[in-house]
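The sequence and the structure are shown first, and the points follow by topic.

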Amino acid sequence: MTSGSLAAAQTPTLRTVVIPFTQLKDKDADLSMKIEEGFGPDGLGIISISDVPGYTVLRQNLLNLAPILAKLPEKVKKDLEDPQSRYNFGWSHGKEKLESGKPDLLKGSFYANPLLDVPTTDALLLQRYPAYCGSNIWPQTALPELEVAFKALGKLILDVGLLVAYHCDKYVSNGIDMQSNQGIEQIVFRSRCHKGRLLYYFPAEKGNDVDDNDSMSSWCGWHTDHGSLTGLTYAMFTKDGVEIPCPDNTAGLYIKTRTGQIVKVVYKEDEIAYQIGNITEILSRGRLCATPHCVRAPKGEKATGLERSTFAFFMQPDWDEKLNFPESGHVNQELIQANELLTFGEYTEKLLDKYYHLKNVDTPATV
Ligand SMILES: O=C(O)CCC(=O)C(=O)O
Ligand SMILES: [Fe+2]
């Protein structure tokens, strides 16, 4: 056994904190214990919502399309690319970099705003914030079902996410003075630049493990998401397009807890998982913590031909949202002067200026 697989074998597998939808939609319910257990300073960093009406079918409808999209002719996929937005809209394959610095050919992504096809036509804004303000590109002839399925699932994950955000705000405002319109719920509700990402992890070829360094983050590198809140589906594993249960239980999503322990997290197929992004950690003054996570590829014989499809929905503030940054004690605070009022777009721009070399290190649509 190599050191990497030894580490995986010793890594505990933990269940997410689960909130049934009926409780979540009750605005009078006191979910503070669960929010703290999931997102608080000692929390695991992930909460899943069970029994969301209509979710199972919408998940299947979209995830089934990921392998079909990835196998469209190269020419068709090329027409779905958008270099202007640095591949933050439409099809993206091999445009991002892995932790090793090599181009990421392991997965293909399709990005779109599930709520707005054209968030703005302002040329200056488009030039300044192409990753946020760009327009959707749908495969209208090659795969017309994609637009319908993407928008339907995205809308549902956002609606449930707004309820999660409501309960997060209730928990946070219990401890600190927060202006009512500065909560996550309002920020997410007002935004015009949400981003959905349909992910397809290509299968390993026989005898050619994707995981040459045997690391935990072999399929998707360690990162925290940049925005407010991320919704995640349970991934679908397929072989030759036919759904199968994942044959390697060390493959999947891993999280680094607040104490630095790495755990594999599991949730059920019909649950929607939510994680906290960096901006929420900053605005909540650390009461809700961003979630470091990565994805481990399956290994060995069993991995041959195994494909993984999933969907992430990045709920992020509008580019124009003025953010009330705390004076101190948060990540990236060196970028912000005391009492400086920055919009989310300006803040992202500063991050990109400072960390340009990190741009596209496996965190597209997140910075
Ligand atoms: O593939 C996954 O399950 C997670 C992907 C992810 O973390 C991301 O796209 O930010
Ligand atoms: Fe992520």
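**Helix 12 and its surroundings**

Within helix 12 (residues 344-354), the buried residues are Phe 344, Gly 345, Tyr 347 and Thr 348. Viewed down the helix axis, the buried residues of helix 12 lie within an arc of 165 degrees, so they line one face of the helix. The model is a predicted one.

- On the face of helix 12 turned away from its buried side, Asp 353 and Lys 354 are exposed.
- Two helices and two strands are packed against by the buried residues of helix 12, namely helix 8 (130-133), helix 11 (278-283), strand 16 (322-323) and strand 17 (342-343).

**Helix 3**

- Lys 34, Ile 35, Gly 38 and Phe 39 are buried in helix 3 (residues 32-39).
- These buried residues of helix 3 fall within an arc of 100 degrees when seen down its axis, so they line one face of the helix.
- An α-helix has 3.6 residues a turn, so residues three or four places apart point the same way.
- The cover over the buried residues of helix 3 includes strand 2 (17-20), strand 3 (46-50), helix 9 (145-173) and strand 13 (272-276).

- An open sheet is formed by five strands in the order 1-12-11-14-7, with mixed pairing.
- The edges are held by strand 1 (13-15) and strand 7 (220-223); each has a single partner strand, so one side of each is left without a neighbour in the sheet.
- On average, neighbouring strands of this sheet are turned by 35 degrees against each other, direction ignored.
- Inside this order, strand 11 (residues 252-256) pairs with strand 12 (residues 262-266) in the antiparallel sense over three bridges, and Ile 255 has Val 263 in strand 12 as its bridge partner.

**Strand 6 and its partners**

- Six of the seven residues of strand 6 are buried, and the strand is thus mostly covered.
- Strand 5 (residues 107-112) is an antiparallel partner of strand 6 over six bridges; Ala 112 has Gly 196 in strand 6 as its bridge partner.
- Strand 15 also pairs with strand 6 in the antiparallel sense, over seven bridges; Leu 199 has Thr 310 in strand 15 as its bridge partner.

Note on methods: Residues numbered from 1 in each chain as written. Chains lettered and ligands numbered in written order. Predicted model: local features only at pLDDT ≥ 70, side-chain atom pairs only at ≥ 80, totals over all residues. Buried ≥ 20, exposed ≤ 12 C-beta atoms within 10 Å, placed from the backbone. Helix = DSSP H or I, 4+ residues; strand = E, 2+ residues; numbered from the N terminus. Arc of directions from axis to C-beta. Contact = placed C-beta atoms within 7 Å. Pairing = 2+ DSSP bridges. Axes fitted to C-alpha atoms, helices over the stretch in contact; angles between N-to-C directions.
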